[in-house]
Amino acid sequence: MTESTNNRWLHRLAVLTATATLFLICVGGLVTSHGVGMSVPDWPTTYGYNMFAFPFSKWIGGVFYEHSHRLVASVVGLVTAILASWIWVRATAGAARWLGLTGIVATLGLMGVRTQTMFVALAVVAFGVIVFCALRLGKDPRPIRWWAMIAFCAVLIQGVLGGLRVTQLKDELGILHATLAQLFFVLVGALAVTTSRRWSESKLSIYDTGGLRYFYLLATGMILLQLIIGASMRHQHAGLAIPDFPLAYGRLWPATDPASIAHYNQLRVESVALNEITASSVILQMIHRITALLICLAIGGALVRTWRRFGWESGFTKGVVAWGSLILVQAGLGAATIWTNKAADIATAHVALGALSLITGSILVLWAFRCMQPAARQAEPLSAPMQNQGAVA
Amino acid sequence: MKTYIPCMIIAALLGSIHFAAAADISGKVRLKGTPKPEIPIQLDAMCGKLQPKPVTTRHYVVGQDRGLANVFVYIKQGAQKAPPAGEATMLDQVGCMYEPYVMGVVAGQKFKIKNSDPLLHNIHATPKVNKEFNFAQPTKGQENERSFDQPEVLVRMKCDVHPWMFAYIGVVDHPYFAVTDKDGNFTIKNVPPGKYTLEAYHQKASVAGGKTQEVQVDGDKKIEFELEVPAAP
Ligand SMILES: [Cu+2]
């Protein structure tokens, strides 16, 4: 991702897109936290209305969250389209420039045909474009115009997945929708980092003697896995599979035989329509707890290694300290989610901080791979500027 | 000989009428133990206007003499498939609550769902065996018909606009079912003679939901059930 040299306004737009995406993830979290994902049974219409003309007087109860989620998503989609177009136009010329731009504009135009068939058709085409971009990136992962085009296609597919989750009544699509949301957030976050001035002026300046780059990558991967586990838990719509913490049903490891599960279900006196818990949902929550512990250990380890290698003054050390602080607050919010019986605001904050932990890790990984080079090359001079590393395609 | 055959037929018919005289199974379901208190429902402003009295969850509705309401009592085994005995109960949405909380239908039988509120609801069936559905009822007085094809005890119905709204429907492939009233009483009408397994199914009471009893129907029968509040582990 070194193709685009910095442009202040482009960078700002990318930061805005990432911020809007985080906000969208929060609103999506509110939808599932309140258990109201199905409160608008139709899509792309809302109770038969064109969604942009749905009267405000009907934004009642769960509809408020679900409809807001759809509107905010439309805004994020539009901002992403502008960002992708801008990056594309800057980096291309001639036929390629017009082809890309026409593609984006035509897609936006066709979205005016507000039928499910049209949206699904566009998503299928978008998937094809992602495959094409991925093949180009396989040869050279640096030109950000391909990443930007993937972002545009991904946001479209993401919207269609959200819609199909409603009309096809499939919880599994909800898990996919939540996972893609995180990946999309990482992608636009990466676009924000790589369009910054600091990025284009940075140099290979330090040696990675301890394999720190891969250590960050591993911890970030664990966070992504943890977010997918979390999404699977939320999208079972079963509330808390285990109501106590740090113990689980009063024991270190909960019973998961059918009789115990039936018993746990009968003991629940819930005020909202929750699905019944299952053995797998209980086990999933235990895995979520264990993974949380492993992530804390991994980031603690990353902090010690980074500090030993670079000292307190290094940007990396500061970054990992921030990362670790986020993770600690996130662990606290996880516990609070249980202790408050999954209060909607706490559970949503837990989703938001999960996304922030992931993006912080991803940014650290990006910078680490940008600035650190393998220790084996220590003999080579360090002053080579980054521009020499990436060919402008 | 020629007059003998019609006589035999008449005799047989009379006999069969005598033996086929359907009977009622009635009785009471009681609850043993003290359930956790019900949770007060925090209605939103619009629903609050429609529902002047405070409302709570309805997990355990206990009436006179420990009678347990909302128990689905039905013939679990032994009954032949049979058509509905009359029109199905209507599932109504009144003051952002479902009425009734528990009802029964025959598999394949159409039942009405009505919105009596001046605001929108969505009706979302979340069965495990039958086909899930979710549709909108945006206007007051709107009625729609739906059915479930397969026997399933119980199917949960919910509104996602108002997450506290949920109710249950028992689906069986014959009309021999009843839901206990506020004092736990039930009557299953016109059951053909035979030997049956009767189940009393309550969403929360007793491990694994239901309790069964064998019943030989050769005249009206009285059956009593006792369900228990599950003990903490
Ligand atoms: Cu409702």
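**Sheet in chain B**

I started with the open sheet in chain B of this predicted model. I found three strands, in the order S13-S1-S16, with mixed pairing. Strands S13 (185-191) and S16 (221-228) stand at the edges. Each has a single partner strand, so one side of each is left without a neighbour in the sheet. I noted an average twist of 20 degrees from one strand to the next.

Next I looked up how S1 joins S16 in chain B. S1 covers residues 23-32 and runs parallel to S16(B). I read eight bridges between the two strands. For B:Val29, the bridge partner in S16(B) is B:Phe225.

**A salt bridge across those strands**

I then turned to side chains on S1 and S16. B:Arg30 and B:Glu224 meet in a salt bridge, 2.8 Å from N to O. B:Arg30 lies in strand S1 of chain B and B:Glu224 in strand S16 of chain B, so the pair ties together parts that are 194 residues apart in sequence. Is B:Arg30 buried or exposed? I have it as buried, at 15% relative accessibility; the cut-off for buried is under 20%. The pair is also part of a network: salt bridges with shared partners join B:Lys28, B:Arg30, B:Asp65 and B:Glu224.

**Other salt bridges**

I searched the whole structure and got 18 salt bridges over all chains. I followed up two further pairs.

In chain A, A:Glu201 forms a salt bridge with A:Arg197. The closest N and O atoms are 3.4 Å apart. Both residues belong to helix H7 (residues 197-201) of chain A. They are four residues apart there, so about one helical turn separates them. A:Glu201 is exposed, with a relative accessible area of 53%.

Which side chain meets A:Glu276 in a salt bridge? I found B:Lys128, at 3.5 Å from N to O. This pair crosses between chains. B:Lys128 sits in the loop between strands S7 (121-126) and S8 (133-137) of chain B. A:Glu276 sits in the loop between H9 and H10 of chain A. I logged B:Lys128 as exposed, with a relative accessible area of 68%. A:Glu276 counts as partly exposed, at 40%.

**Helix H9 in chain A**

The buried residues include A:Ile261, A:Tyr264 and A:Leu267. A:Ser260, A:His263, A:Asn265 and A:Gln266 are also among them. Their cover includes helix H10 (279-310) of chain A.

Terms used. Residues numbered from 1 in each chain as written. Chains lettered and ligands numbered in written order. Predicted model: local features only at pLDDT ≥ 70, side-chain atom pairs only at ≥ 80, totals over all residues. Heavy atoms only, no water. Pairing = 2+ DSSP bridges. Axes fitted to C-alpha atoms, helices over the stretch in contact; angles between N-to-C directions. Buried < 20%, exposed > 50% of the residue type's maximum accessible area, 1.4 Å probe, protein only. Contact = heavy atoms within 4.5 Å. Salt bridge = Lys/Arg side-chain N within 4 Å of Asp/Glu carboxyl O.
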